[in-house]
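Please look over the complex shown here, with attention to where its chains meet. The report below takes the contact first, then the charged pairs, then the annotation and the confidence scores.

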Number of protein chains: 2
Amino acid sequence: MSQDFASVGQQFAKFYYEKFDSDRSQLAPLYRDFSMLTFEGQPFQGTQAIIEKLTSLSFQKVAHQVSSMDVQPSSDGKILVHVCGFLQVDGGENHLPYNQVFQLVPEGSTYYVLNDMFRLNLA
Amino acid sequence: MSQDFASVGQQFAKFYYEKFDSDRSQLAPLYRDFSMLTFEGQPFQGTQAIIEKLTSLSFQKVAHQVSSMDVQPSSDGKILVHVCGFLQVDGGENHLPYNQVFQLVPEGSTYYVLNDMFRLNLA
């Protein structure tokens, strides 16, 4: 297992959450029309449906804090990323635990998101 | 997105955790020599290394309780499974939250595990 996939995963997550926390409509270029998002069990497919879901989330301000990230290579240069962390919503005191899984697919010199699965860990 | 992948993912997780909770050495046939496990951030590759890790975990008795499972198709018939749940260890009162990601690869009439990432969510 080379270490390259790990730095790709880390750079992706840093970029993704920075965009998400500043202007999540800017995440559109990361998805394709066959990309899938499962958000709290609800399925969405395609850039438009995914971005509509993400931008319709009711909070005004959000900050992701990553506590662990695991990265593994998949087949054909794909990369799996598993993030555990906390969400701070609208500047509140609560830090909500969440989990997110991405599968990244190489395309030219960059990667797009084929799979995206998000869950809050609310006991 | 067909629904077949969802039932494969559900059947896999049921089988996997039943074996894990009864005799985890029996999980060996699910892995291959190129399979990867990241367990609490520690990487293992290959059936032998993975099973050695799983069987060396210090608890005697464990029960997995799945609280949510998301399943998505990946490329070439592969299937991504994201499980959130709780672990009850050695019959104790504590139910430890965990997350696990699997990528399943079709092989003949069955599937093997290419990717496996496990995390306890200890805040």
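## The contact between the chains

Chain A gives 33 residues to the contact, and chain B gives 33 residues. This is a predicted model. Between them, chain A and chain B bury about 2500 Å². Carbon and sulfur atoms account for 60% of that area. The size of an interface is often expressed this way, as accessible area lost when the parts come together.

Polar contacts also cross the interface of chain A and chain B: the rule finds 18 such residue pairs, both residues at pLDDT 80 or more. On chain A, the side that touches chain B draws at least two residues from each of strand 1 (31-39), strand 2 (42-45), strand 3 (62-73), strand 4 (79-89), strand 5 (95-107) and strand 6 (110-120). That side of chain A comprises 16 nonpolar, twelve polar and five charged residues.

## Salt bridges

Side chains of opposite charge can pair when their charged atoms come close. How many salt bridges does a search of the whole structure find over all chains? The search finds eight. Two salt bridges lie across the interface of chain A and chain B.

One pair to inspect is A:D70 with B:R119, whose side chains meet in a salt bridge at 2.8 Å, N to O. A:D70 sits in strand 3 of chain A and B:R119 in strand 6 (residues 110-120) of chain B, so this pair joins two chains.

## The annotated span

The UniProt record, an unreviewed entry, places "domain: NTF2" at residues 8-120 of chain A. In the model, residues 8-120 of chain A are 23% helix and 53% strand. The end C-alpha atoms of this span lie 24 Å apart.

## Confidence

Chain A has an average pLDDT of 94, and 97% of the residues score at least 70. Where pLDDT is low, predicted coordinates should not be read in detail. For the complex, the predictor gives an ipTM of 0.93 and a pTM of 0.94.

Note on methods:
Residues numbered from 1 in each chain as written. Chains lettered and ligands numbered in written order. Heavy atoms only, no water. UniProt positions renumbered as here; feature names shortened; annotations may be inferred. Helix = DSSP H or I, 4+ residues; strand = E, 2+ residues; numbered from the N terminus. Contact = heavy atoms within 4.5 Å. Buried area = accessible area lost by both parts, 1.4 Å probe. Salt bridge = Lys/Arg side-chain N within 4 Å of Asp/Glu carboxyl O. Polar contact = N/O pair within 3.5 Å; in protein donor to acceptor, adjacent residues only side chain to side chain. Nonpolar A, V, L, I, M, F, W, Y, C, P; charged D, E, K, R; others polar. pLDDT = per-residue confidence, 0-100.
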